[in-house]
Amino acid sequence: MKKEKILVIGACGQIGVELTLALRKIYGGSNVVASDLREENDLLKGTGPYVSIDVMNKEMLHVQVIRQNITQVYLLAAILSATGEKNPPLAWHLNTQSLLNVLDIAKEEKLSKVYWPSSIAVFGPTSPKENCPQQTIIEPTTVYGISKYAGEFWCNYFYHRYGVDVRSIRYPGLISYKSAPGGGTTDYAIEIYHEAKEKKKYTSFLEADTKLPMMYMPDAIRATIELMEAPADKLTVRTSYNLAAMSFSPKEIAGSIQKSIPEFQITYKPDYRQQIANSWPQSIDDAQARVDWGWKHEYDLDKMTQDMLQNI
Ligand code: VAH
C-alpha cells in the first residue's frame with residue numbers, strides 16, 4: 001500500500017494547528033506537510049515540515065503536491081462568516097476557488113483522499129431551528145454559508161463524476177484554546193473564557209438567549225480523523241455530514257463559567273453578528289454520522305469549561 005503523505009492547507013488556523021498535530025501523531029511528523037500563508041505557528045515548529053503555499057495559485061500548489069509526493073490534502077483555508085460579510089466577493093472567491101483548485105489536482109494526481117470542512121452556516125432562516133436534519137430546506141443568507149453549500153455540491157460532483165474520495169463535515173461553532181479563532185460569529189464562545197480568567201467579565205456580541213450548535217475542538221478533531229479513516233463504502237453522504245455535540249447560549253456558557261469563577265459577570269451588546277446567528281439553527285440532527293461512521297461526542301458544556309479554564 002502506498003505510504004500516505006498528507007498536505008494540510010491552512011495549518012496555522014484554529015482547526016489547522018490541532019488537526020496537523022493530531023495527524024502527525026498518527027502518520028509521523030515527516031509525513032504531514034503543514035502549509036499556510038502565515039508564519040509557522042509556534043506549536044507546529046519542530047514537529048514536521050512547513051511550506052508556505054498560496055492555495056489560490058493552482059500551478060504552485062500542483063508543483064508542491066507532485067514535488068512532495070502528496071497522497072492526501074486537508075483544505076482548511078477559508079474566510080468565515082463574520083469576516084466574509086465585510087468582503088463578500090473575496091470570501092466567495094477564496095472559499096470556492098481554493099476548493100476547485102484542490103479537487104482538480106486531486107483528480108489529475110489521483111490523490112487517495114481529500115478533506116474539506118463545511119459548516120452548519122449552510123443552513124438559513126428557512127431551515128428547521130431544532131434538530132436541523134441532514135437534508136432539508138437550505139437557503140443560506142451569508143456569503144460564507146453560500147460558498148460552503150456550493151462547495152458541498154462540488155465535492156459531491158467530483159466524487160460521483162471523477163471518483164475523487166473527498167469527505168466533509170458541517171462543523172458547528174468550534175471552541176479551542178491552542179490557536180486563535182478565525183473571524184467567526186461563534187468566536188464569542190472562545191473570547192469569553194479568556195476574559196473570564198483575565199478580567200472576570202465579558203461583553204457578549206450576541207444576545208443572552210442566542211442558542212447555537214457548538215463543539216469542543218478535541219471532539220471535532222477526532223470526528224475528522226474518524227471520518228477520514230472510515231471505509232468508503234460506509235459513507236452515504238458525499239456533500240457534507242451534519243455533526244453535533246451540544247448547543248448553548250451566551251447566558252448558559254456564562255452560567256457554566258460561574259460554577260468555577262462565581263464573580264464572573266456577563267453583559268450583552270449585540271452587533272452585526274446577531275443577524276448572522278439568528279439565521280442559523282439552534283441544534284443539529286447528526287444521526288447519519290452516528291449511523292455511517294459511529295460518531296459520538298464526548299464533551300458537554302461543563303466538561304469543556306473545566307478543560308478550557310485549566311488550559312488558558
Ligand atoms: C463561524 N466558526 O462562526 C464559524 C462556524 C458555525 C460557525 O462555521 O463562521
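Predicted model: local features only at pLDDT ≥ 70, side-chain atom pairs only at ≥ 80, totals over all residues.

**Entry 1: a salt bridge and its neighbours**

I started with the side chains of Arg-222 and Glu-298, which meet in a salt bridge at 3.6 Å, N to O. My rule for a salt bridge is a side-chain nitrogen of Lys or Arg within 4 Å of a carboxyl oxygen of Asp or Glu. Arg-222 lies in helix 7 (residues 217–229) and Glu-298 in the loop between helix 10 (287–293) and helix 11 (301–311), so the pair ties together parts that are 76 residues apart in sequence.

Next I checked accessibility. Arg-222 is partly exposed at 21% relative accessibility, and Glu-298 is partly exposed as well, at 47%. (Buried means under 20% relative accessible area, exposed over 50%, partly exposed in between, with a 1.4 Å probe and protein chains only.) The pair also belongs to a network of salt bridges that links Asp-219, Arg-222, Glu-226 and Glu-298.

Residues are numbered from 1 along each chain as its sequence is written, and side-chain values use heavy atoms, with hydrogens and water left out.

**Entry 2: other salt bridges**

How many salt bridges does the rule give? The count comes to 14. I looked up two others.

Glu-195 forms one with Lys-199, with the closest N and O atoms 3.8 Å apart. These two are four residues apart in helix 6 (residues 188–199), so about one helical turn separates them. Glu-195 is partly exposed at 23%, and Lys-199 is partly exposed at 47%.

Asp-36 forms a salt bridge with Arg-38, the closest N and O atoms being 3.3 Å apart. Is Asp-36 buried or exposed? Asp-36 counts as buried, at 7% relative accessibility.

**Entry 3: helix 11**

I went back to helix 11 for its buried residues, which are Leu-301, Met-304, Thr-305, Asp-307, Met-308 and Leu-309. What do they pack against? I found strand 9 (173–175), helix 6, strand 11 (212–216), strand 13 (246–248) and helix 8 (250–258). Contact means heavy atoms within 4.5 Å. At the start of helix 11, a side-chain oxygen of Asp-300 reaches to within 3.4 Å of the backbone nitrogen of Asp-302.

**Entry 4: Ser-147**

Ser-147 sits in helix 5 (residues 143–162) and is buried, at 0% relative accessibility. Its side chain makes a polar contact with the side chain of Asn-95 at 3.1 Å. (A polar contact is a pair of N or O atoms within 3.5 Å; within protein, one must be able to donate a hydrogen and the other to accept it, and residues adjacent in sequence count only if both atoms are side-chain atoms.) Leaving out residues up to four places away in sequence, Ser-147 touches Trp-92, Asn-95, Thr-96 and Trp-116.

**Entry 5: the ligand**

I listed the residues around the ligand, among them Leu-80, Ser-81, Ser-119, Tyr-144 and Trp-280. A ligand oxygen is 2.6 Å from an N or O atom in the side chain of Ser-81. For the side chain of Ser-119 the figure is 2.8 Å, and for that of Tyr-144 I also noted 2.8 Å. Taken alone the ligand exposes 280 Å², and the protein buries 94% of that. Those areas come from the Shrake-Rupley method with a 1.4 Å probe; for residues, only the protein chains shown count as cover.

**Entry 6: strand 4**

Strand 4 (residues 72–75) is covered on both faces: Gln-72 and Tyr-74 are buried on one side, Val-73 and Leu-75 on the other. In a regular strand the side chains alternate between the two faces of the sheet. Strand 1 (residues 6–9) runs parallel to strand 4, joined by four bridges, and Val-8 stands opposite Tyr-74. Strand 5 (residues 113–115) is also parallel to strand 4, with three bridges, and there Lys-113 stands opposite Gln-72. Two strands pair if DSSP finds at least two bridges between them.

Definitions and conventions. Near = heavy atom within 4 Å.
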